[in-house]
Amino acid sequence: MSNCVTICPVGSVDEEILEHIAKCIWIRCGLTCRISKRMENPQYAYNPTRCQYDSKAILKRLFQRNLHGTLRLIGVTSVDLYVPILKFVFGLAQIEGKCSIISLHRLHPRFYDQPSNPDLLLARVEKTVMHELGHTFGITHCRDRRCVMYSSVRIDDTDAKHTDFCPTCFELFKWYLKKSLQKSSE
Ligand SMILES: [Zn+2]
Ligand SMILES: [Zn+2]
């Protein structure tokens, strides 16, 4: 099954969230998902100065996995991620690559001292997953604030955008997806 998207928990992640991601990808992209075995807590990526985890180091580990039969691999973690030049990232993807990683850490309303809100959390998870998945298919940032490919610098950006691609990004997505599926069946 080469058109399968693998969802890989990195460290401990709520099963309900993983299943939600699988459902969203199926509904939005028509791609079947499988939830893989949990990867170890990413201690190797921990930066004690920043008290955060290096997203690139985790992405590298994901890429070292056996990706045979996997169209895309999405890592999901509860730890706080960063790249050196930014204070934090909600996620990171290999552009036109197979792997991406998202962090739930800053998607929880409690991170902003707000009451728990499962629906809001799941909506943020969905937008973050679709955004990173879009990058792995080769789509870059979009200038339309409502498009899921708009770059989220803060959580307000995520909340303001839709879970869908804008019409232009959607056309690109369909085109890239078709190309990827052709490549994987060769
Ligand atoms: Zn992005
Ligand atoms: Zn767009």
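Two residues are in contact if their C-beta atoms, placed from the backbone, lie within 7 Å. Keep that rule at hand for the exercises below.

This is a predicted model, in which local features need pLDDT of at least 70 and side-chain atom pairs count only at pLDDT 80 or more, while totals for chains, interfaces and linings use all residues. Residues are numbered from 1 along each chain as its sequence is written, and chains are lettered from A and ligands numbered from 1 in the order in which they are written.

**Exercise 1. Find which residues valine 83 is in contact with, leaving aside its neighbours within four places in sequence.**

Step 1. Locate the residue: valine 83 sits in the loop between β6 (81-82) and β7. Strands here (E, at least two residues) and helices (H or I, at least four) are DSSP runs, numbered from the N terminus.

Step 2. Apply the contact rule. With those neighbours set aside, the partners of valine 83 are Ser55, Lys56, Val89 and Leu92.

Step 3. Check its surroundings. A residue is buried if 20 or more other C-beta atoms lie within 10 Å of its own, exposed if 12 or fewer, and partly exposed in between, with C-beta atoms placed from the backbone. Valine 83 has 14 such atoms within 10 Å, so it is partly exposed.

**Exercise 2. Work out the order of the strands in the open sheet of five strands.**

Step 1. Begin with β5. Strands pair if DSSP finds at least two bridges between them. Strand β1 (residues 4-10) pairs with β5 in the parallel sense over seven bridges, and threonine 6 stands opposite leucine 73 in β5.

Step 2. Turn to β8. It runs parallel to β5, joined by five bridges. Here leucine 73 faces cysteine 99 in β8, and valine 76 stands opposite isoleucine 102.

**Exercise 3. Describe what helix α3 packs against and how it runs relative to β8.**

Step 1. Look at its length: α3 (residues 118-136) has 19 residues and reaches 27 Å from first C-alpha to last, close to the 27 Å expected at 1.5 Å a residue. The expected span is 1.5 Å times one less than the number of residues.

Step 2. Pick out the buried residues, among them Val125, Val129 and Leu133. The buried residues of α3 pack against α1 (15-29), β5 (70-77), β7 (91-93), β8 (99-103), α4 (155-160) and α5 (167-185).

Step 3. α3 lies across β5, β7 and β8, and runs at about 160° to β8. Axes are lines fitted to C-alpha atoms, for helices over the stretch in contact, and angles run from 0 to 180 degrees between N-to-C directions.

**Exercise 4. Name the residues with the most contacts inside the largest nonpolar core.**

Step 1. Set the rule: a nonpolar core is a set of buried Ala, Val, Leu, Ile, Met, Phe, Trp, Tyr and Cys residues joined through C-beta atoms within 7 Å.
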